[in-house]
Amino acid sequence: MAVDPSFTALPLEPARAAALERALALGCSHAEVRIERIRSQVVVLRDGRVETTVDDTETGMGLRVVVDRSMGFAATVELQADAAAELADRAVEMAAATAPALAVPVDVAPEPGYGAVHWSSPYDIDPATVALAEKTALLGDWSTRLLAHPSVDHVTAYVLAVVEDKYFADLSGTVTTQRRVRMHPVVEAYGVDGASGSFESMRTLAPPAGRGWEYVTGGGWDWDAELDRVGDLLAEKMAAPTVAAGTYDLVIDPSNLWLTIHESVGHATELDRALGYEAAYAGTSFATVDQLGTLRYGSPVMHVTGDRTTPHGLASVGWDDEGVAAQSFDIVKDGVLVGYQLDRRMAAENDLGRSNGCAFADSPLHAPIQRMANVSLAPAPGAGPITEELIAGVDNGVYVVGDKSWSIDMQRYNFQFTGQRFYRIDHGRLAGQLRDVAYQATTTDFWGSLEAVGGTSTYVLGGAFNCGKGQPPQVAPVSHGCPSALFRGVNVLNARSETGR
């Protein structure tokens with residue numbers, strides 16, 4: 001799909017020329033300008049009635065420079081050439097003001113110029129063009145279907161859609177024009193036990209995806225099949241026995257495992273975090289740089305990549321927010337830590353060569369920072385086992401499906417995760433749902449217990465719209481692909497008894 005002509009009709013070229021020419025005249029060794037228009041839409045229904053609608057458009061321009069080995073950034077909502085030139089003056093002033101506080105002088109890793117290039121994520125229907133009435137009608141129909149089930153007392157249905165148009169140019173001659181479209185539809189049903197006052201919930205498993213409106217009308221997910229099951233799954237969950245705490249083998253579905261990858265691998269292998277740059281806000285990482293190439297992260301079947309090229313991935317781009325071409329790279333290979341996610345500053349500062357394209361800003365008014373690629377666990381080579389074959393190899397275990405709450409420490413090492421639903425595995429067969437399951441481990445023990453991964457038929461691309469990082473905080477969309485996977489001897493807690501109830 002092409003970038004919207006109404007975006008390319010903005011004064012992109014005059015603003016680019018004014019900003020970069022002024023930066024060059026001021027002695028900047030590096031300068032990059034971004035002009036963005038981000039349209040975000042939210043529709044929320046509660047029990048079939050509209051609760052919230054949001055339609056927001058943010059447009060602006062940001063300029064980042066490196067001058068005298070110090071970095072400065074300035075931004076504005078004005079797109080005229082004179083405003084762009086003024087940004088260069090302000091950014092250089094900011095670089096001078098922050099220079100005395102720099103512990104390490106700023107350099108950026110080299111990247112070739114690409115000339116004028118274009119990229120768009122694959123989609124069919126721009127969700128911003130779909131009428132609000134059509135969106136509420138679809139969510140209303142989904143809600144009505146679930147409310148008809150005798151075990152469902154309440155339903156929340158919502159859809160989030162973002163259309164991101166971005167223009168980038170730097171002093172190397174790269175000029176990129178890109179569009180990213182992403183969707184996150186969710187339906188969650190709630191059942192209340194009138195006698196005890198307790199309740200349970202059951203949510204759809206459809207992941208957020210880099211797709212258009214076609215995603216909710218049958219493209220990429222079977223919504224009818226999933227909605228038909230939610231009520232019965234909720235009823236079974238409400239009647240299920242509570243889990244007995246202990247040690248179990250786990251077969252974890254991709255709908256749950258993606259989040260464990262995100263928290264224990266994705267964040268832990270961001271190089272700025274491993275170097276301590278996130279210590280004041282979201283923590284550091286146990287996977288420190290002195291262990292690169294030696295840290296036994298997991299078992300030999302663990303192969304994790306970072307990728308910004310994955311079709312429909314939330315972090316997929318043509319070029320990142322520093323003009324680096326999208327690429328794929330190894331993070332964990334045969335269970336050993338072999339790489340980090342990098343931006344140009346981190347790559348240069350640590351003599352790691354070229355950046356692997358992990359810079360992103362969530363707004364034209366924010367400076368780009370190092371953010372996560374699509375960090376994914378590879379399936380077994382060849383056909384590989386299906387999920388039922390992994391389950392068949394377990395005598396005493398739990399099959400975990402869907403994500404829910406989680407907790408992890410500031411070094412991304414000690415964690416626990418829950419899920420949407422859990423099934424007892426008894427001698428290779430599913431034996432009904434359980435409740436109140438939480439699995440707990442350290443990162444290296446957990447991934448070290450990975451015995452087998454499923455084949456490509458079990459592989460699903462999960463993810464989130466709202467990965468948080470930075471000060472001031474920014475959010476970023478990111479996907480994580482993975483197959484079903486078998487873990488041996490994992491500690492399982494009873495989440496309800498852990499609360500003291």
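**Entry 1: what I am looking at.** I reminded myself before starting that this is a predicted model.

Entry 2: I began with strand β5, which spans residues 154-170. I asked myself how many of its residues are buried. I got 14 of 17, so I wrote β5 down as mostly covered, buried being under 20% relative accessible area. Next I looked up what β5 pairs with. Strand β1, residues 30-46, pairs with β5 in the antiparallel sense, and I noted 15 bridges. Strand β6 covers residues 175-192; β5 and β6 run antiparallel and are joined by 16 bridges. Here I noted Tyr 167, which stands opposite Thr 177 in β6. I then followed the chain through the hairpin of β5 and β6, where four residues sit between the strands. In that hairpin I found Gly 173 with a positive phi near 100°.

**Entry 3: Thr 156.** I stayed in β5 and picked Thr 156. Is Thr 156 buried or exposed? I found a relative accessible area of 14%, and because the cut-off for buried is under 20%, Thr 156 counts as buried. I then listed what Thr 156 touches, leaving out residues up to four places away in sequence: Val 44, Leu 45, Arg 46, Val 186, Val 187, Glu 188 and Tyr 190. One of these, Arg 46, also has a side-chain polar contact with Thr 156, at 3.2 Å.

**Entry 4: a four-stranded sheet.** I moved on to an open sheet of four strands, which I wrote down in the order β11-β10-β9-β14, with antiparallel pairing. Its edge strands are β11 (336-337) and β14 (374-377), each pairing on one side only. I checked β9 (residues 304-307) against β14 and found four bridges between these antiparallel strands. One pair I wrote down is Asp 307 with its bridge partner Asn 374 in β14. I also saw helix α6, residues 254-266, lying across β9 and β14. Helix α6 runs at about 115° to β14.

**Entry 5: Tyr 340.** I found Tyr 340 in the loop between β11 and α8 (344-349). Beyond four places in sequence, Tyr 340 touches Thr 269, Leu 271, Ala 274, Ala 287, Thr 288, Val 289, Leu 292, Phe 329 and Asn 356. I looked at where its side chain goes: the Tyr 340 side chain reaches the backbone oxygen of Thr 288 at 3.0 Å, and the backbone nitrogen of Val 289 at 3.3 Å. I also took the C-alpha to C-alpha distance from Tyr 340 to Ser 355, which is 10.0 Å for a gap of 15 residues in sequence.

**Entry 6: two helices.** Last, I turned to helix α2 (residues 12-25) and helix α3 (residues 81-98). At what angle do α2 and α3 pack? I noted about 30°, with the axes 7 Å apart. Angles under 35 degrees count as roughly parallel, so I put α2 and α3 down as roughly parallel to each other. Their crossing is right-handed. On the α2 side, the residues that meet α3 include Pro 14, Ala 15, Ala 18 and Arg 22. On the α3 side, I noted Ala 81, Ala 84, Ala 88 and Asp 89 among them.

Terms used: Residues numbered from 1 in each chain as written. Predicted model: local features only at pLDDT ≥ 70, side-chain atom pairs only at ≥ 80, totals over all residues. Heavy atoms only, no water. Buried < 20%, exposed > 50% of the residue type's maximum accessible area, 1.4 Å probe, protein only. Polar contact = N/O pair within 3.5 Å; in protein donor to acceptor, adjacent residues only side chain to side chain. Contact = heavy atoms within 4.5 Å. Pairing = 2+ DSSP bridges. Axes fitted to C-alpha atoms, helices over the stretch in contact; angles between N-to-C directions. Parallel < 35°, antiparallel > 145°, perpendicular 65-115°, else oblique. Left-handed = near helix turned anticlockwise from the far one by under 90°.
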